[in-house]
Amino acid sequence: MAVEYFDPRTIATPVYDALSELRTQNNTDQSRLKEQKSQAVELYTYLSTWGMMRLKAEEKALSQEGKKQVVKKFFQCLETLSKVGDLANNTGLDVIKKLDVDEYLGLTGLGLALAQEFSFWANAIYHDIKGEE
């Protein structure tokens, strides 16, 4: 019988990759970088206050492209880690809505841990970006 170990990099690595990719894509647009940093830092507070369904709905309502990019990356990372399909696409809200209570609470717990990683890595990757925080 093989023993499985939890590797803490399982959560950190996709977040680091996602934020690094966004940073590289928008490296000359300071306004967008500020939006990305601020959204990544605020994810945990938003998710713990308003919940997963509202965060997914917020993805469509956000008018600032930098903030929207971070929320999309968050749900892509969550889909990969949770193995709950279609979270990151346009039907993600319906997927979340149809989860049973245990699945929803488990996904929210994983989402909170993921949001903490976004906050940490935002400060590291966007260390030189000041302002909208």
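Me: Leaving aside its neighbours within four places in sequence, which residues is E79 in contact with?

Reply: Contact means heavy atoms within 4.5 Å. By that criterion, E79 is in contact with V84, G85, D86, L87 and A88, once its neighbours within four places in sequence are left aside. Please note that this is a predicted model, in which local features need pLDDT of at least 70 and side-chain atom pairs count only at pLDDT 80 or more, while totals for chains, interfaces and linings use all residues. Residues are numbered from 1 along each chain as its sequence is written, and side-chain values use heavy atoms, with hydrogens and water left out.

Me: Which residues of α4 are buried, and what covers them?

Reply: An α-helix has 3.6 residues a turn, so residues three or four places apart point the same way. In α4, the buried residues include V70, F74 and L78. Among the elements that cover the buried residues of α4 are α1, α2, α3, α5 and α6. Just after α4, K83 takes a positive phi of about 65 degrees.

Me: How does α2 pack with α4?

Reply: Two packed helices are described by the angle between their axes and the distance between the axes. Axes are lines fitted to C-alpha atoms, for helices over the stretch in contact, and angles run from 0 to 180 degrees between N-to-C directions. For α2 and α4 the angle is about 50 degrees, and their axes are 7 Å apart. That makes α2 oblique to α4 (angles under 35 degrees count as roughly parallel, over 145 as roughly antiparallel, 65 to 115 as roughly perpendicular and the rest as oblique).

Me: What is the angle at which α1 and α6 pack, and which residues meet there?

Reply: Helix α1 (residues 9-25) and helix α6 (residues 101-125) pack at about 45 degrees, with axes 9 Å apart. That makes α1 oblique to α6. Residues of α1 including V15 and L19 meet residues of α6, among them L114 and F118.

Key. Helix = DSSP H or I, 4+ residues; strand = E, 2+ residues; numbered from the N terminus. Buried < 20%, exposed > 50% of the residue type's maximum accessible area, 1.4 Å probe, protein only.
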